[in-house]
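Work through the following exercises with the coordinates open, and check each solution step by step before you go on to the next.

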Amino acid sequence: MTPSQPPWDVLSRFVEIRSPWLTLIGEKLRDNRSQILEYWRVEKANSAVILTIRPDQFVLPLPTYRPGLGEATLDFPGGRIPADREAIDVVPQILQRELGVAESEILKIESLNDKGWAVNSSFSNQKLYGFVAQLQPNFAGDRDKIGATYPITSEGIAELLRDLTCLQCRAVLLEWMRSRP
């Protein structure tokens, strides 16, 4: 365990730009060595990524256009967590929206991290919560929403890792693999 450092002093906030997606903040800070720094950060809602699993395969939604990359990418279902909600409580809504999963088709939802992982702790307050949703064996899903399936085999997981560009999705998948007996 590393000794904790005292918090830095906020000397001034010289800009704050709010939008429904994020707040951009520019501040002058005094660090723990008394240096004055100009620092920019983003406040964002926490997010969830959900591995959706039928007994022998992962189920992913259609690729989604990502403006930051300028292309559509294959991702696990995911979304923002409203500040007034618990992370696990939004999972059924996300699965309904992204895959057409009815709540009755979910056997079990398991959390991979109760406290959330910092997405980019030097730049943002956003945390990522990872979940695994076990779907009913007979889950067929909405064919118009399912983009891909991958077998839960070492070859299938290797192929899925080659196809996933989202680091958050990869992290949740790898954490699930690490936590398996």
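**Exercise 1.** Determine at what angle helix α2 and helix α3 pack, and which residues meet.

Solution. In this predicted model, local features need pLDDT of at least 70 and side-chain atom pairs count only at pLDDT 80 or more, whereas totals for chains, interfaces and linings use all residues. Residues are numbered from 1 along each chain as its sequence is written, and side-chain values use heavy atoms, with hydrogens and water left out.

Step 1: α2 (residues 154–163) and α3 (residues 167–179), helices being DSSP runs of H or I with at least four residues, pack at about 160° with their axes 10 Å apart, where axes are lines fitted to C-alpha atoms over the stretch in contact and angles run from 0 to 180 degrees between N-to-C directions.

Step 2: the two helices are therefore roughly antiparallel, a term for angles over 145 degrees.

Step 3: Ile157, Leu160, Leu161 and Arg162 of α2 meet Arg170, Leu173, Leu174, Trp176 and Met177 of α3, contact meaning heavy atoms within 4.5 Å. This contact has 7 nonpolar, no polar and 2 charged residues.

**Exercise 2.** Describe which residues lie nearest the centre of the largest pocket, and which element gives the largest share of its lining.

Solution. Step 1: the volume of the largest pocket is about 1200 Å³.

Step 2: its lining has 37 residues, with Lys44, Ser47, Arg66, Cys166 and Gln168 nearest the centre; lining residues have an atom within 4 Å of a point on a 1 Å grid.

Step 3: α3 gives the largest share of this lining, 4 residues.

Technical notes:
Parallel < 35°, antiparallel > 145°, perpendicular 65-115°, else oblique. Nonpolar A, V, L, I, M, F, W, Y, C, P; charged D, E, K, R; others polar. 1 Å grid on protein atoms, 1.4 Å probe; cavity = no way out; pocket = protein on both sides within 12 Å on 5 of 7 lines; lining within 4 Å. Points joined across faces, edges and corners; volume = space filled by probe spheres on them.
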